[in-house]
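Here is a colleague's note for someone opening this entry for the first time. Please read it with the sequence and the structure side by side.

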Amino acid sequence: MQYNHQEIEKKWQKFWAENQTFKASNFSHLPKYYVLDMFPYPSGAGLHVGHPLGYIASDIYARFKRHKGFNVLHPQGYDSFGLPAEQYAIQTGQHPAKTTEENIKTYRRQLDKIGFSFDWDREVRTSNPEYYKWTQWIFIQLFNSWYNKNTEKAEDISTLISIFENEGNINVNAVCDTEIPEFSSEDWKYFSKKQQQEMLLKYRLSYLSDTEVNWCPALGTVLANDEIVNGVSERGGHPVIRKKMTQWSMRISAYAQRLLDGLSTIDWPQPLKDSQTNWIGRSQGAMVEFKIQNTEFKISVFTTRPDTIFGVSFMTLAPEHELVSQITTPEQKAAVEAYIESTAKRSERERMADIKTISGVFTGAFAEHPFTKKPIPIWIGDYVLAGYGTGAVMAVPCGDQRDYDFAKHFGIDIPNIFENVDISEAAHADKEGTVIANSDFLSGLSYKKALQKAIEALEENGFGYGKINYRLRDAVFSRQRYWGEPFPVYYKDGMPQMIDEKHLPIVLPEVEKYLPTEDGKPPLGNAEVWAWDSKNCSVVTNQLIDNETIFPLELNTMPGWAGSSWYFNRYMDSKNADEFASKEALNYWKEVDLYIGGSEHATGHLLYARFWQKFLFDKGFVPVDEFAKKLINQGMILGESAFVFKATYFVKNGCDIDKSNDDILIKIPVVLVSKSLFNSDDDFERVVKNYLLKNNFLNQNNENLLMIVRTPLHTDVSLVNSSNELDIEGFKKWRAEYKDAEFICEENDRDSSRAVRTYKVGREVEKMSKSKYNVVNPDEICEEYGADALRLFEMFLGPLEQTKPWKTSGISGVYSFLKKLWKLYHSGENGTFYVDNSPPLEGLGEAFKTLHKTIKKVTEDIENFSFNTSVASFMIAVNELTALQCNKRAILEPLLILISPYAPHISEELWHKLGHDTSISTAEFPVFEEKYLVESTKNYPVSFNGKMRFTLELSLDLSVSEIEKAVLNHEKTIAQLQGKSPKKVIIVPGKIVNIVE
RNA sequence: GCUGAAGUGGUGGAAUUGGUAGACACGCUGGACUUAAAAUCCAGUGGGCAGUAAUGCUCGUGCGGGUUCAAUUCCCGCCUUCAGUACCA
């Protein structure tokens, strides 16, 4: 009987679905294990073979854990809000919900083909109102909370209100907006309702604030830094301006320290932890205030080096700094304004990337040094960014290379405040071993002591204070988009009001157009039924807005990361209509035990999700404050692009050009040259010229007029076979413009009866993408080789975490492995199923050795997520058992369980043929027994000076001196030594022998 | 610039408490089967040199040093590629 993957895989996928084999129970005596994939955004392009890599790994692990006796939760769902669906809606007018639904269907169909052990009953979709109801609910919880630094946790806003009522805000230690005026309990009582609400907003964890954004008036939208090139939008090239916009923000900065501390409690990859650490960017230093001479203004700066305060010789402000316009002197005004204008055109990213050009302008104003009272010139420079710190730096050129370069460039003083340090060439940024000089009371002190003393002095004199600063900025939570979660918010008297939880979800309204409105409002501004009737608690038509009982609703929607910041909790109890998840479910599953996904989410999704989890933990909604114990980043699978090589012609300059030359270009055809015919540009040119001469498109006279350039063109990889040969007819059909092109091929006429013409393409490894025509669809692989082969091959490609190229030709290796495996169980007549049920006999030692060697290796490999090496050991096992002609049930049955996490369909089929009527998925994983691997001899490698010369089989019972004797008496040793006596003999019993000559 | 990861045959990769480099697979070459092809099976396959051959020698894990009886593995210094990215003051 032949191995028929299509039949087998269909059969078992159906069986698993019908029997709900992988349904996870929230009540079990078994230990729990929660394996999660980062859920996909269902794009219109469908899955390519790169996508399932992580899913296959997590599925293998989930199946392994089931074999090991765990109650496994392995869900899947869709991050189904997102920009591509919206853009498609703008282009085609189709509702994003519709296209998203279609895309999800495609994804599901593709995923089902690969044989994942997902519990689909728990599927979530972030765009589903039953789901985003709880996203809105969490938003309300955040709005109703503030961060108390005394208790180091989020608390209900009511506790803050009662503090205000009793003592005002003087003793409140909260994470909040900067520069909140102090008020007493009396003041609070006299505040109007609106004033009170305004004040509370400064403390809430989700709050409204004016944020600077990149506004593109032509597109009516806000752009990300990387969507802006040279000050204009990447799409369309429209001008972009910086604009302040009132937007929702999340006070993630409140959690900066806890997000940092939590990293040491979770088993995540170090590079990922590093990037979160750097993103949060904790730095210890001091805030220092500088008075501006002849004004009442002050400039606050944060510095990590208050010990170098006597080295300050100028200050630099960001061009956008609010004081710039007020302190600039009339003489400098024109220069400053011109500079501000020029920097406004540069994106933040550009300004940051460019470290070579030094630019800046003097404002004409002077600050006063807090200790020396000396005047300090105030400059502006675009290397200082408004959004970071206070948007101002105290420049210490002798201790900071950037400041040094700036000072050198503009001829500013560079005072040296370090003992015995030469700063004529470069700044001295080292801290260790540095002694401060020329610094009044800090002179003679080491860096550490000076730092401490400087902060003390700042605090004593009221010039500043010690501070820990974080780079992490509060997260903007508003998007001017349609296809996202609506806010459960309406506006009364300009103040945001939360809609009561019991009226959630607030469902996304229908709109005519998905574009921003003509007056620049977000797409929800197009909705006609988008007002809140606070009496009847329902969404009503805008015409009824009276601002008495019926109010306008929020027009922004939530960002992409909202729904993904808590979905892992929803899977625990995905159908619960009363809570985001029940207490029982949350307390049973607690957190994700293994989370697999890409490293590109390091500072987005993974940071926000940790933030929300900590918040939910503070409020007692979840039992743990880190949502994922262990995380693995799977690497990207790259595509193997294929190229044809087109000849592009130019008439050479400097020649006598007459009309006939144009004729040359007109009459010569489009020529595509096989990669096998050239290795260099010269080869290429020669091949093309030979062709043109031979076919009289060119004659010897005009040959020299022509310049031939090679242009590689991407070709669809599905038109290329595993030997890199192009399907020429297919290519012509695919690209009609080349239907008359001439393909210069390799003439392969060994067999004179049939000359074979082959066109070989060039290959290059690139990211898999539609535009490069190198996308390989998993459906086609499943069709031709089966899901088991796909799963094995994706794992076999290389280490999970690594980036690696996909090469479809390699899949034949795992496919023939599956066929060999199948054969092992079909040793009957004419290949019928047969296993020998007799108990193991003498002489089965080798087969048991193979089995247990494999059990050991595979168990270790799975636990180390080294899936590629276990596939190799399966191959070795099957090769060895085939050689042994092993057909014993005692070997073949446990072998099947080992393989089943990787290749579940074939394993399930053979398992049932072995006589089982329940799924293999819960069969107990075989246990490794040392006794089968015990050896009595060792084939010792014998080295001379570390170079292996021969091997020698010796009993493992021998003592060191017996081994030495045996080795030294061996004829090959004697020959090798040529009569010399060895200087030293190193023997590691059971490992090696090394003789030093 | 900074941070992180990685450099091993024609290709993907294997081997690190230092101990036989190249497992396993692709590809390639030769052979068997076939009218032929596919499929399948068998053998060979890092480079160089010597030998009819068995075999032996030699070089070899990005480069240059070092430690060691022994280095792909440890240390120092460089180079290259990929990814991320913050001038964080």
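**Notes on the strands and sheets of chain A**

1. Phe-944 has Ile-995 in β37 as its bridge partner. These two residues belong to a pairing of strand β34 (residues 937-944) with strand β37 (residues 992-996), parallel and with 3 bridges. Strands here are DSSP runs of E with at least two residues, helices are runs of H or I with at least four residues, and both are numbered from the N terminus. Two strands count as paired if DSSP finds at least two bridges between them.

2. A word on the basis. This is a predicted model, in which local features need pLDDT of at least 70 and side-chain atom pairs count only at pLDDT 80 or more, while totals for chains, interfaces and linings use all residues. Residues are numbered from 1 along each chain as its sequence is written, chains are lettered from A and ligands numbered from 1 in the order in which they are written, and side-chain values use heavy atoms, without hydrogens and water.

3. Now the sheet around that pair. It is open, has 4 strands in the order β35-β34-β37-β36, and its pairing is mixed. β35 (947-955) and β36 (984-988) are the edge strands, each pairing on one side only. Neighbouring strands are turned by 20° against each other on average, direction ignored; the axes behind this angle are lines fitted to C-alpha atoms, for helices over the stretch in contact, and angles run from 0 to 180 degrees between N-to-C directions.

4. Look at the hairpin of β36 and β37. The two strands pair in the antiparallel sense over 5 bridges. Ile-986 has Asn-994 in β37 as its bridge partner. There are 3 residues between the strands, and Gly-990 takes a positive phi near 80°.

5. Which strands does β26 pair with? Antiparallel partners include β28 (residues 706-715), with 10 bridges, and β32 (residues 762-767), with 6 bridges. Strand β27 (residues 671-673) is joined to β26 by 2 bridges, also antiparallel. Strand β33 (residues 804-805) runs parallel to β26, with 2 bridges.

6. Ile-637 has Lys-804 in β33 as its bridge partner. Leu-638 stands opposite Lys-767 in β32.

7. Is β26 mostly covered or mostly open? Mostly covered: of the 15 residues in 637-651, 12 are buried. Buried means under 20% relative accessible area, exposed over 50%, and partly exposed in between (1.4 Å probe, protein chains only).

8. A further open sheet has 4 strands in the order β7-β6-β10-β18, with antiparallel pairing. Its edge strands, β7 (221-223) and β18 (475-476), each pair on one side only. Strand β6 (residues 206-216) is joined to strand β10 (residues 241-250) by 10 bridges. Tyr-207 stands opposite Ser-249 in β10. Helix α5 (residues 129-143) packs on this sheet and touches β6 and β10, its direction making about 90° with that of β10.

9. Last, the chain as a whole. Chain A has 31 helices and 37 strands. Its C-alpha atoms fill a box of roughly 100 × 90 × 85 Å along the principal axes. Of its 997 residues, 51% are buried. Among contacts (heavy atoms within 4.5 Å) with a separation of 6 or more, 70% join residues 24 or more positions apart.
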